[in-house]
Amino acid sequence: MMSTLVRDRAPVQTSANALRPPRKRLSRRAVLLGAAGVLWLLGFLFLHGTSTLTLPASELTDLHRSLNQFNAWVASNRADNPVFQYVFTPFRSAVDSVANLFTSTFAASSTGLRLPEIGWLGTVGLLSWIAFAVGNARVGLLTAAAFTFFGLQGLFTEAAYTFALVLTAVLFSLLIGIPLGVLAGISGRVSQVITPVLDFMQILPTFVYLAPLALIFLIGPASAVIATVIYAVPPLIRLTAHGIRNIPENTREASDSLGTTGFQRLLTLQLPLARRTIVMGINQSTMAALSMVTIAALIAAPGLGQVVVRALQSLDVGTAVNAGLSIVLLAIVLDRVTTAASRRAEPGAARKRRISRRSRYILLAVSLVVVLVMVQLSRTMLWAAAFPKNLNFGPDIVSGVGAASAWLQTNLSLFTVSFREALTNGILNPFQSLLADTPFYLLVAVVLVAAYALGGWKLALVTASCLAAIIYLGLWSDAMVTLASTLVATAVVMVLGIIFGVAMGRSNKVDQIMRPMLDAGQTMPAFVYLVPFLGLFGATRFTAIVAGIIYAAPVAIKITADGIAAISPTVMEAAVSSGSTPWQVITKVQLPMARKSLALAANQGLIYVLAMVVVGALVGAGGLGYDVVAGFVQSSLFGKGLAAGLAIVFLGILLDRITQAAAADPVRKIRSAKSSAH
Amino acid sequence: MSRTRQLLKRTIPVLAGTVTAALLLAGCGGASVNQAAAAGSSDTPCGTVNVALNAWVGYTANAAVYSYVAQNKLGCTVVQKDLSEQISWQGFGSGEVDVILENWGHADLTKQYITDQKVAVDAGPTGNEGHIGWYVPPWMVQKYPDILDSKNLNKYASLFATSESGGKGQVLDGDPAFVTNDEALVKNLGLDYKVVFSGSEAALIQSFRTAEKNKTPLLGYFYEPQWFLSEVPLKKVSLPAYTPGCDADAEKVACDYPDYKLNKVMAKKFADSGSPAAKLLKAFSWTNADQDSVATDIQGGMKPDAAAKKWVDAHPDVVAAWLK
């Protein structure tokens with residue numbers, strides 16, 4: 001989710017020809033791009049349907065078969081291979097026991113009545129108290145309200161399971177992420193090694209490593225936690241390193257001049273000064289963990305994800321919305337508490353507080369005693385241990401929403417179906433055919449020429465290797481199907497980004513209304529809003545594209561809005577006073593000046609859409625996403641799924657580099673939208 | 001230095017509080033209402049049974065009745081986990097799954113987990129007989145009588161084309177996790193069709209229902225036992241006859257699906273534990289009609305638990321035989 005936003009890349013080097021007069025350079029680039037386009041169209045017209053490298057869904061290449069063999073090898077050697085005996089299995093049990101500790105404390109013990117060890121009342125009390133202690137009274141109350149609401153929804157156990165797994169994953173992320181982040185912050189060399197690994201981890205779709213992880217660590221909470229850590233740790237490492245690196249030079253020099261050693265400097269200067277950034281990293285990591293734990297339901301992670309999966313399979317919109325509500329609430333609680341904690345970690349925050357430290361301690365101590373009483377009650381009284389069953393309006397939510405969605409489906413189906421068919425037949429199918437039916441060698445040539453035009457030899461080389469890898473993986477045709485959907489979705493994301501971004505950038509009021517909605521959209525795990533769309537549009541590529549758009553649009557809108565808002569007011573005033581109409585101001589001043597932001601928005605939009613490709617396969621997307629899902633659930637397709645996962649990564653790197661290059665050179669027109677269509 | 005001290009000052013009370021809470025927990029020991037009530041309520045030690053829940057209503061019906069009996073007659077704690085078919089098998093090794101209640105063949109998994117790894121054992125047939133195949137809504141058979149022969153399917157391919165099938169006819173499949181040879185069948189029988197996945201049993205049923213109601217063409221993957229067939233009696237298309245071993249190579253299959261004797265599978269550990277729930281699992285057996293009646297109730301909006309209770313109350317002697 002939004003964690004992918006936080007990537008501090010070195011700005012792409014402007015190529016040498018940027019020094020030439022802009023007009024001439026532009027024309028050369030345009031000529032090359034135009035030639036590539038013409039070549040493509042001609043090739044499609046005369047050669048379409050030949051050399052498409054199509055691999056039928058049931059067929060495998062030798063590479064896929066050898067990956068399958070790896071699967072079989074692990075299965076048969078698990079019991080007596082020393083690597084498993086002494087490394088993987090003990091590691092698994094260690095993670096499992098930590099996860100078990102938290103789940104049995106907050107969600108359900110593994111023996112007895114399977115109630116939480118500290119009861120629901122104790123859980124609500126303890127968690128609220130912790131929120132109060134690390135944040136403030138307001139987030140403490142929010143926590144109490146949210147967890148009580150889970151109980152009223154009839155989902156207390158599920159929500160507590162999800163929370164416990166998030167907690168476990170964040171703990172392990174801290175254990176791994178902070179030391180690595182500190183190392184990367186101190187040493188440039190470590191940072192150079194780690195950054196590409198982190199890039200890889202963030203482009204790798206979440207689904208892809210579920211299958212290999214389940215193979216090695218078996219299904220269950222342990223694998224779920226490990227998968228979640230892989231997903232959640234990169235933002236923490238990046239932000240920790242960023243925080244440590246960005247300490248002002250003179251502060252460091254001042255400390256050095258006092259003769260501190262490296263370790264002292266770390267403890268007394270760097271860590272405390274980077275504290276706020278690190279806590280922000282914890283926030284990002286927590287949100288990422290929540291979204292992954294939901295998806296990990298597919299490998300038997302207990303909790304809200306299971307409810308959503310069940311709803312997805314039975315097309316039960318009511319149940320999905322009820323569970324989705326819990327997930328969003330949990331996301332809000334986790335976000336607010338960690339944000340409050342990062343505010344508290346701000347240097348100088350202590351002075352601004354309204355109550356003195358002493359009275360705060362007294363308050364904390366008193367409330368702790370109350371919490372302990374609540375815990376004790378939960379251990380002796382059944383009503384405080386298990387959430388009362390008669391206080392449950394979950395079924396009402398489920399049936400209410402279910403009825404509403406059934407009404408929508410029957411009354412809107414004519415509209416939704418014809419809308420879907422029109423877009424699929426009118427835009428998606430022709431575009432997909434343009435990509436998937438053109439001979440592969442021609443398309444490779446076209447992409448390479450475009451890459452050369454946009455970023456010179458270096459980019460062409462990267463592009464060539466990515467394309468070669470995709471071909472080697474045997475999944476060219478599927479990759480083109482995925483690319484078609486991804487580009488269509490990104491184009492829509494950019495249109496939305498420009499429309500809403502400009503509106504938000506121009507008006508504070510619109511910004512204030514939109515921003516919370518965008519935040520909500522971003523904190524909601526992708527899984528949740530699939531079900532209603534599945535109900536409306538059926539399992540088709542269209543539905544998957546809609547899901548990708550919803551996932552990616554908030555980022556693009558925010559980046560665009562920030563870009564527009566950052567234009568200096570004097571420029572704007574000059575434009576307005578010279579008598580330009582608002583439309584002229586937007587098209588002639590604001591959009592061109594926010595070009596860099598637009599390009600960044602397109603870049604991030606693409607990466608976000610691509611991240612949704614696999615999840616979209618659960619609701620009908622074909623191509624690589626389907627291969628990954630099928631490889632996950634059918635052991636005979638394991639190798640193909642793994643290969644498809646890698647192909648998505650190469651596709652991601654390719655798109656990322658090309659859009660970055662398109663953004664790097666100053667050009668008059670908005671190139672981002674154009675380059676994504678090429 | 002003052003910063004670190006401040007940091008310590010802030011974190012120490014939090015830590016202290018958590019530790020106190022933990023100590024308190026430890027102090028209370030096992031005397032909680034959670035554990036005490038459990039010890040009192042059941043006289044036979046049964047413990048917890050982890051039941052994998054695969055995503056079709058027939059399976060849900062089996063799981064509901066088994067869980068209901070285990071919970072209410074044996075005093076077990078049943079934990080149901082939504083998992084896809086093949087993933088469930090992985091749970092035998094990790095202890096995540098004790099029971100699979102309706103297994104469709106899966107000779108490869110049987111070999112891997114039962115014969116080779118010895119983490120699972122066969123718990124006998126469920127009494128249900130399963131069929132997988134390609135089905136069309138009944139109105140199509142009246143209009144196109146020869147459609148039920150797979151040799152004639154190419155003639156009708158254009159009829160089945162949709163926006164998802166790329167100009168070919170569409171074969172609508174269910175969940176990618178279900179047992180399916182359809183991709184290979186299309187290719188090896190030389191059919192001008194494309195397999196499109198609807199994603200779930202619910203989506204398949206909805207599609208067939210609309211197809212029959214609006215008289216629109218649809219060719220899709222479906223299976224018996226299946227409650228929906230009593231609502232809309234879909235007609236099965238005959239594929240080249242099944243011969244033993246014709247489906248050995250997944251990429252080269254060109255024959256119909258076999259008749260499945262559906263069975264139950266349980267974890268080796270669970271089988272050896274002597275739990276009464278393991279004994280119940282081995283004895284569990286019923287007919288396709290039984291399963292369909294429970295599935296129909298569930299589909300009609302009844303909670304699985306309530307539907308199971310209704311069936312159990314109506315069939316006391318069957319249940320009594322299981323518990324003997």
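A: Let's start with a term: helices (H or I, at least four residues) and strands (E, at least two) are DSSP runs, numbered from the N terminus. By that count, chain B, the part we will follow, holds 13 helices and nine strands. Please keep in mind that this is a predicted model, in which local features need pLDDT of at least 70 and side-chain atom pairs count only at pLDDT 80 or more, while totals for chains, interfaces and linings use all residues. Residues are numbered from 1 along each chain as its sequence is written, with chains lettered from A and ligands numbered from 1 in the order in which they are written.

For contacts, the C-beta atoms of two residues, placed from the backbone, must lie within 7 Å. Among the contacts in chain B between residues at least 6 apart in sequence, 75% link residues at least 24 apart.

Two spots in the backbone of chain B are worth a visit. Most residues other than glycine have a negative phi, and most peptide bonds are trans. B:Lys118, however, has a positive phi of about 55° although it is not a glycine. This lysine, B:Lys118, sits in the loop between α5 and β4 (120-136) of chain B, and B:Lys118 is exposed because 11 other C-beta atoms lie within 10 Å. The other spot is a cis peptide bond between B:Glu224 and B:Pro225, with omega about 0°. B:Pro225 belongs to the loop between β7 (220-224) and β8 (235-237) of chain B.

Now for the partner: 52 residues of chain B are in contact with 61 residues of chain A. Elements of chain B that each supply at least two residues to its side include α2 (33-41), β2 (77-82), α4 (85-94) and α8 (201-214). The largest share of that side, ten residues, comes from α1(B). To sort the residues, Ala, Val, Leu, Ile, Met, Phe, Trp, Tyr, Cys and Pro count as nonpolar, Asp, Glu, Lys and Arg as charged, and the others, Gly among them, as polar. The side of chain B that touches chain A then has 22 nonpolar, 20 polar and ten charged residues.

Chain A itself is divided into domain 1 (2-30 + 413-437 + 476-673) and domain 2 (63-391), with bounds from an automatic or database domain assignment. Their centres, taken over C-alpha atoms, are 29 Å apart. In domain 1 of chain A, 40 residues are in contact with 42 residues of domain 2 of chain A.

Finally, a nonpolar core is a set of buried Ala, Val, Leu, Ile, Met, Phe, Trp, Tyr and Cys residues joined through C-beta atoms within 7 Å. The largest one has 308 residues, and A:Val308, A:Ala647 and B:Met266 have the most contacts inside it. Both domain 1 and domain 2 of chain A give residues to this core, so it lies between them. Back in chain B, and leaving aside neighbours within four places in sequence, the contacts of B:Met266 include B:Asp98, B:Val99, B:Ala120 and B:Leu281.

Conventions:
A residue is buried if 20 or more other C-beta atoms lie within 10 Å of its own, exposed if 12 or fewer, and partly exposed in between; C-beta atoms are placed from the backbone.
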